[in-house]
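Please look first at the sequence and the three-dimensional model shown here, and keep both at hand while reading. The report that follows takes up ring pairs, helix packing and a few points along the backbone in turn.

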Amino acid sequence: MATFALFGTSADPPTVGHQEILLALAARYDRVLVWAVENPFKQGQTSLNDRQQMLGLLVRAVNAAGSSVEWRPDLSRRFTVDSVQRVRQQWPEAELVVVIGSDIVPSLLHWHCVDRLFSLASFLVVPRPGSPVEESELLVCRARGARIVMADFRGLPVSSSAVRAGSGTDAVPQEVWEYIWAHQLYGVNHEQAAAQRAG
């Protein structure tokens, strides 16, 4: 039975942290499907179209390094359960694993139709620096029916929020920066970004 890793992410913007996660997933799962999402817990996100395009550029860079990750913007839905149900309809026999960062675990039980989601897929939690997971949080999720495990790899100490705040320019791959410059996202202009990356 094929195992699919499903990685819906805000990608605002996608960083080298996302890149490393995709590389790790590609080495461990039969198929990796990734898309940008409208996170109902976040306000003021960059347009979904821009985030999808940046994520597509990141996937292209990952695959150029020899991996096989599938950029699937058609799977993007407001609620994860709807994305997972769409995958289940296309591949009814596959084992589905939803990938989340450790910072997401405290909000997991508040997700839309979470019990249905727990019945459709298991969860892989990727540890993020500064976001430790309490065992009690995992136990509560498992008590609700979640099949949830911790990943054997860690996320990098980079964040999209730092990029949006005007720092952390090295956290974004060149292909994504070129898109940011071209579309004047995050208040970054070419000269400032080039100076930061050089300095």
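Predicted model: local features only at pLDDT ≥ 70, side-chain atom pairs only at ≥ 80, totals over all residues.

## Aromatic rings

Ring pairs join W111, F118 and F123 into a cluster. W111 counts as buried because its relative accessibility, 16%, is under the cut-off of 20%. F123 also counts as buried, with a relative accessibility of 1%. F123 forms an edge-to-face pair with F118 as well, and here the centres are 5.7 Å apart and the planes are at 85°. Both members of that pair, F118 and F123, are buried.

## Two helix contacts

Two packed helices are described by the angle between their axes and the distance between the axes. The table gives these values for two pairs of helices.

| Helix pair | Axes come within | Crossing angle |
|---|---|---|
| α2 (residues 48-64) and α7 (residues 174-183) | 8 Å | roughly 155° |
| α1 and α2 | 10 Å | roughly 50° |

How are α2 and α7 placed relative to each other, roughly parallel or roughly antiparallel? Their axes cross at roughly 155°, and α2 and α7 are therefore roughly antiparallel, as this class takes in angles over 145 degrees. The crossing of α2 and α7 is right-handed. On the side of α2 the contact is made by D50, Q53, M54, L57, L58 and A61, and on the side of α7 by E175, V176, Y179, I180 and H183. Sorted by class, the residues in the contact of α2 with α7 are seven nonpolar, two polar and two charged. Within α7, the residues V176, W177, Y179, I180 and W181 are buried, and V176, Y179 and I180 are among the residues of α7 named in the contact with α2.

The axes of α1 and α2 cross at roughly 50°, and these two helices are therefore oblique to each other. The crossing of α1 and α2 is right-handed. In this contact H18, Q19, L22 and L23 of α1 meet L58, V59, A61 and V62 of α2. By class, the contact of α1 with α2 has six nonpolar residues, two polar residues and no charged ones.

An α-helix has 3.6 residues a turn, so residues three or four places apart point the same way. With that in mind, the reader may return to the model and find H18 and L22 of α1, which are among the residues that meet α2.

## The loop between β1 and α1

Several residues of interest can be found in one loop of the chain. T15 lies in the loop between β1 (3-9) and α1 (16-26), and T15 counts as buried because its relative accessibility is 2%. Which residues does T15 contact, leaving aside its neighbours within four places in sequence? They are L58, V158, S159, S160, A171, V172 and P173. T15 and L58 are 43 residues apart in sequence, while their C-alpha atoms are 8.2 Å apart in space.

P13 is also found in the loop between β1 and α1, and the peptide bond that leads from D12 to P13 is cis, with an omega near 0°. A11 belongs to this loop too, and A11 has a positive phi, near 50°, although A11 is a residue other than glycine. A11 counts as buried because its relative accessibility is 1%.

## After α7, and one more helix

Helix α7 is followed by Q184, whose phi is positive and near 50°. Y186, in the loop between α7 and α8 (190-198), has a positive phi near 60° and is likewise a residue other than glycine. At a relative accessibility of 17%, Y186 counts as buried.

Elsewhere in the chain, V163 lies in helix α6 (residues 160-164), and V163 counts as buried with a relative accessibility of 1%. V163 and L117 are 46 residues apart along the chain, and their C-alpha atoms are separated by 31 Å.

Terms used
Residues numbered from 1 in each chain as written. Heavy atoms only, no water. Buried < 20%, exposed > 50% of the residue type's maximum accessible area, 1.4 Å probe, protein only. Phe/Tyr/Trp six-rings, centres within 6.5 Å; stacked < 30°, edge-to-face > 60°. Axes fitted to C-alpha atoms, helices over the stretch in contact; angles between N-to-C directions. Helix = DSSP H or I, 4+ residues; strand = E, 2+ residues; numbered from the N terminus. Parallel < 35°, antiparallel > 145°, perpendicular 65-115°, else oblique. Left-handed = near helix turned anticlockwise from the far one by under 90°. Contact = heavy atoms within 4.5 Å. Nonpolar A, V, L, I, M, F, W, Y, C, P; charged D, E, K, R; others polar.
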